[in-house]
Amino acid sequence: LSHRLLPAPTVLFPRDGDLGVPTSDLLVSWVPDPEAVEYHVNLEQGETDRMSVRVPGGSGSFRVPDGVLSPGRRSLLEIGAVGRDGNCTIVGIAFMTR
């Protein structure tokens, strides 16, 4: 059992507290960590999980399919960096769609 954790991902877009984030052609981006083997990307609106995907290590972005997010809603984005040992460090940010 390893207690080593990767640093939490640094989200570039959207940023915590952003207003007017588009619901179409949305590219979520973060600073990739060379030690991450994959990323877990979760999107929620209200109490509803909208999407949960795994993105390969080395990636620093994910394009959200159009129609996943509704306009004018508070949204929560969580990005987790997964290390070789399976440990995951998660960062969460909130934003409003336009």
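Mentor: Start with Asp25. This is a predicted model, and in it Asp25 counts as exposed, at 54% relative accessibility. The cut-off for exposed is over 50%, so Asp25 passes it. Its side chain meets that of Arg63 in a salt bridge, 2.7 Å from N to O. Now place the two partners. Asp25 sits in the loop between strand 1 and strand 2, while Arg63 belongs to strand 5, residues 61-64. They are 38 residues apart in sequence, so the pair ties together separate parts of the chain. Arg63 is partly exposed, and its relative accessible area is 44%.

The structure holds three salt bridges. Take Arg4 and Glu35 next. Their side chains meet at 2.6 Å, N to O. Arg4 lies in the segment before strand 1 (11-13), and Glu35 lies in the loop between strand 2 (26-30) and strand 3 (38-45). The partners are 31 residues apart in sequence, so this bridge also ties parts together. Both ends are partly exposed: Arg4 has a relative accessible area of 48%, and Glu35 has 38%.

Glu38 and Arg54 form another salt bridge, at 3.5 Å from N to O. Glu38 is in strand 3 and Arg54 is in strand 4, residues 48-56. The two residues are 16 apart, and the pair links distant parts of the chain. Arg54 is exposed, with a relative accessible area of 62%.

Four strands form an open sheet, in the order 4-3-6-7, with antiparallel pairing. Strand 4 and strand 7 (88-96) are the edges, and each pairs on one side only. From one strand to the next, the twist averages 15°. Look inside the sheet now. Strand 3 and strand 6 (residues 74-82) run antiparallel, joined by eight bridges. Across this pairing, Tyr39 stands opposite Ala81 of strand 6.

Next, the core. Nonpolar side chains tend to be buried together in soluble globular proteins. Here the largest nonpolar core has 22 residues. Trp30, Val64, Leu77 and Ile79 have the most contacts inside it. Strands 2, 3, 4, 5, 6 and 7 each supply at least two residues of this core. Follow Leu77 for a moment. Leaving out residues up to four places away in sequence, Leu77 touches Val11, Pro14, Val28, Val41, Asn42, Leu43, Val91, Gly92, Ile93 and Phe95.

Thr97 lies in the segment after strand 7. Buried means under 20% relative accessible area, so Thr97, at 5%, counts as buried.

Keep the two residues side by side. Asp25 is exposed and is joined to Arg63 through a salt bridge.

Technical notes:
Residues numbered from 1 in each chain as written. Predicted model: local features only at pLDDT ≥ 70, side-chain atom pairs only at ≥ 80, totals over all residues. Heavy atoms only, no water. Salt bridge = Lys/Arg side-chain N within 4 Å of Asp/Glu carboxyl O. Buried < 20%, exposed > 50% of the residue type's maximum accessible area, 1.4 Å probe, protein only. Pairing = 2+ DSSP bridges. Axes fitted to C-alpha atoms, helices over the stretch in contact; angles between N-to-C directions. Core = buried A, V, L, I, M, F, W, Y, C linked by side-chain atoms within 4.5 Å. Contact = heavy atoms within 4.5 Å.
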